[in-house]
Amino acid sequence: MRKNKLFWGAVAPFAAILTSLFLMYIILKLRGSDPFALFKLMVSYGFDPRNLVSETNLTVSYYLAGVAAAIGFKMLLFNIGMDGQYRMGAFFGAVVGAAIDLPPILHVAVIIVVAMIAGGAWAAIAGYLKVKRGVSEVISNIMLNFIAAAIIAFLLSPNLLGSLPEGSQNVQTKPIPASGQMPTIKIFDGEVYSVIFLAVFVGIAYWIMLNKTVFGFNLRATGLSFRAARSSGVNAPRMIFVTTILSGAIAGLVGIGTLLSDTHSYSMAFPSGFAFTGLSLAILGRNHPVGIFFAAFLWSFLERAGQVLEFEGIPPEIVIVMQGTIVLSIVIAYEVVARINLRQQQRAVGKVNADSSVEATSEVEAK
């Protein structure tokens, strides 16, 4: 039974990707293009060593967003507020990092902790509203995303926490000194952010927390059944609040790689859209740290490889269509798999009951 469940669980994502490729094939064919030639071009461009470096750095950010979303999903929470949490983490990490002077390792550690605290504190607002006032975390987080962007834009004023470098039109925080910067790994004529090791640690810690701790058990139990968990003595509202903060704290790390290994300051030019991406990756990766990694790499690969389509006269937005199709297909595929597993379990239970009845009848006849 377990082997069948694992088999169908592995088939589902591949079926979703194939469905997306088939739709992309139809779209390209209708445009009069050669789909196979373009697919080959995308693969060649995406696996170019220089592009692999960019994809790796993007994968790290996407991976952290996916893990943050997965933590919420385990509690049946939709943390769509990751954009605001990540911006708060990166902004206050940059502000504190530029204001202090500490030894290198300690300096970096303080920035990382501040980013997690800022992201978790911003997520705590949505958690409090849900637990105490019954407000949907989706609604509150959407509003909090806009509020976070507005607050940061206000604080970035040169009269407050921002600065305007000479010859630049981009207002940003003061630069973080060298002691607060993270080194990069030079490979393939590019530089991979060393925050990749932090992402690996987060993934391992997430798995251990979920599967080897009492908190993880209570988290999964509350996510499966709020009432059952509460009846068994679990403080379900507290679990929801803590899980929301934990998800926001991980979301606060999403921009750390860009901040400490590239820009060394925060500006409004930082990318957005991590909320929907993180949620999609958590779904595609089945909330498992390894699955989320492969989903994150696939996402970054498609975004990078899709850029070459523009040179062939194909709008790069087709990649967005492909990504959306993958998400829709994976949701449908997982539902089909769930129903198949349920039917197999029902058949197995029915077979056991039938065998038990036969044995009971035989014993009665023997007596």
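**Notebook: a cavity and a helix crossing**

I began with the lining of the largest cavity, whose residues divide into 2 nonpolar, 6 polar and 1 charged. I note here that this is a predicted model.

Next I asked how many cavities of 30 Å³ or more the whole structure holds. My search found 1. I then looked up the volume of the largest cavity and got about 60 Å³.

I listed the lining by residue. Gly-72, Leu-77, Phe-78 and Asn-79 are among the lining residues. Glu-137 and Asn-141 are in the list too. Thr-243, Thr-244 and Ser-247 complete the lining. Which elements give two or more residues to this lining? I found helix 6 (137-155) and helix 10. Helix 10 provides the largest share, 3 residues.

That sent me to the packing of helix 10. I checked helix 10 (residues 236-251) against helix 4 (residues 82-99). Their axes come within 8 Å. The crossing angle is roughly 60°. I therefore logged helix 4 and helix 10 as oblique to each other. I also looked up the handedness: helix 4 passes helix 10 in a right-handed crossing.

Which residues make the contact? On helix 4 I noted Met-82, Gln-85 and Tyr-86. On helix 10 I noted Ser-247, Gly-248 and Ala-251. By class, the residues of this contact divide into 3 nonpolar, 3 polar and no charged.

Note on methods. Residues are numbered from 1 along each chain as its sequence is written. This is a predicted model: local features need pLDDT of at least 70, side-chain atom pairs count only at pLDDT 80 or more; totals for chains, interfaces and linings use all residues. Side-chain values use heavy atoms; hydrogens and water are left out. Axes are lines fitted to C-alpha atoms, for helices over the stretch in contact, and angles run from 0 to 180 degrees between N-to-C directions. Helices (H or I, at least four residues) and strands (E, at least two) are DSSP runs, numbered from the N terminus. Angles under 35 degrees count as roughly parallel, over 145 as roughly antiparallel, 65 to 115 as roughly perpendicular and the rest as oblique. A crossing is left-handed if the near helix is turned anticlockwise from the far one by less than a right angle, and right-handed if clockwise. Contact means heavy atoms within 4.5 Å. Ala, Val, Leu, Ile, Met, Phe, Trp, Tyr, Cys and Pro count as nonpolar, Asp, Glu, Lys and Arg as charged, and the others, Gly among them, as polar. On a 1 Å grid over the protein atoms alone, a cavity is a set of points where a 1.4 Å probe fits but cannot get out, and a pocket is an open set with protein on both sides within 12 Å along at least five of seven lines; lining residues have an atom within 4 Å of a point. Grid points are joined across faces, edges and corners, and a volume is the space filled by probe spheres set on the points.
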